Amino acid sequence: MSSDLPARTLAEALAAGAVVLDGGMSNQLRSAGHDLGGALWSARLLAERPEALTEAHLAYFEAGADVAITGSYQATFEGFARHGIGHEETVRLLGLSVKLAREAARQARTRGVGRPLWVAASAGPYGAMLADGSEYRGRYGLSVGALERFHRPRLEALAAARPDVLALETVPDTDEAAALLRAVRGLGVPAWLSYSVAGDRTRAGQPLAEAFALAAEADEVIAVGVNCCAPQDADAAVVTAARVTGKPVVVYPNSGETWDAGARDWTGRPSFTAEQVHGWRESGARLIGGCCRVGPEQIAAIARTLRPAAR
């Protein structure tokens with residue numbers, strides 16, 4: 001096995017205990033002064049400032065994260081094509097997203113981080129490509145087959161770069177989940193599936209028990225859960241995901257602030273605290289981190305909570 005890869009798989013680590021995920025990529029990039037305006041969002045930096053992504057990943061590894069989620073959430077063939085980036089270059093950029101996270105892990109090791117580090121290749125929902133907020137509504141009017149055809153080429157490109165896991169994240173409805181579960185078959189890379197939820201339902205309004213059940217028998221899926229949701233909505237979702245699937249649960253909510261689409265800014269006060277991870281872990285969560293507006297300081301607090309001996 002290459003020295004660049006962890007000595008054990010992520011699935012093996014989950015069987016042994018909890019693993020710390022990173023936090024929000026966009027807020028970390030913005031805090032470093034990078035402009036994320038435009039439909040490509042942070043994926044634009046894959047082409048223009050790739051070193052910025054490595055620096056963001058490194059900040060989270062040094063804060064205590066065990067898993068870096070790549071900057072490919074909004075990287076799609078269709079989205080890049082609108083900006084004059086062709087198919088072959090898109091394949092290269094998708095692969096680069098994994099290489100940048102691996103490079104951050106290498107740099108973290110040179111700085112004294114001795115624990116295993118993994119890379120999760122992010123695949124956001126179809127709505128992220130549209131860049132109109134529809135990833136928080138779902139129900140795009142496309143069939144499961146059409147959604148599978150959208151996702152499969154990108155997942156193939158990401159899988160070819162050999163990440164440790166594919167992060168099928170911020171999924172708003174069961175149609176897209178079914179498409180993603182079909183699209184990851186035969187790729188040879190495990191995956192986790194995480195929904196964005198509101199209350200006890202998907203963003204499209206389906207009961208979470210029904211949504212999680214889709215992944216219960218999927219051998220490729222090593223964890224099921226939620227991300228990019230309010231912290232309080234994660235509590236019951238973790239319990240439901242563990243009960244319905246019997247799999248390790250992944251949970252990485254937002255800070256608790258609310259996105260104001262009109263003002264294009266966050267409002268309210270953060271409500272996500274590291275203390276909440278105790279309950280999630282006791283309910284079956286094994287991959288625990290944060291999403292939008294959760295930065296290295298919060299990830300460090302989560303790591304201290306999950307690894308008290310490392311304080």
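A salt bridge here is a side-chain nitrogen of Lys or Arg within 4 Å of a carboxyl oxygen of Asp or Glu. Keep in mind that this is a predicted model, where local features need pLDDT of at least 70, side-chain atom pairs count only at pLDDT 80 or more, and totals for chains, interfaces and linings use all residues. Residues are numbered from 1 along each chain as its sequence is written, and side-chain values use heavy atoms, with hydrogens and water left out.

**Exercise 1. Work out how many salt bridges the rule gives, then take R102 and find its partner.**

Step 1: The count comes to 12 salt bridges.

Step 2: R102 pairs with D164, and their closest N and O atoms are 2.9 Å apart.

Step 3: Now place them, taking helices (H or I, at least four residues) and strands (E, at least two) as DSSP runs numbered from the N terminus. R102 sits in helix α6, while D164 is in the loop between α8 (144-160) and β4 (165-171), so the bridge links distant parts of the chain, 62 residues apart.

Step 4: Check accessibility, where buried means under 20% relative accessible area, exposed over 50%, and partly exposed in between (1.4 Å probe, protein chains only). R102 comes out buried at 14%, and D164 is buried too, at 16%.

**Exercise 2. Do likewise for D175 and R139.**

Step 1: Their side chains meet in a salt bridge, 2.6 Å from N to O.

Step 2: D175 belongs to helix α9 (residues 174-183) and R139 to the loop between α7 (126-130) and α8; this pair also links distant parts of the chain, 36 residues apart.

Step 3: D175 is partly exposed at 27%, and R139 is partly exposed at 46%.

**Exercise 3. Explain how E156 and R152 are placed in helix α8.**

Step 1: An α-helix has 3.6 residues a turn, so residues three or four places apart point the same way.

Step 2: E156 and R152 are 4 residues apart in α8, which means about one helical turn separates them.

Step 3: The two form a salt bridge, with the closest N and O atoms 2.9 Å apart.

Step 4: E156 is partly exposed at 39%, as is R152 at 24%.
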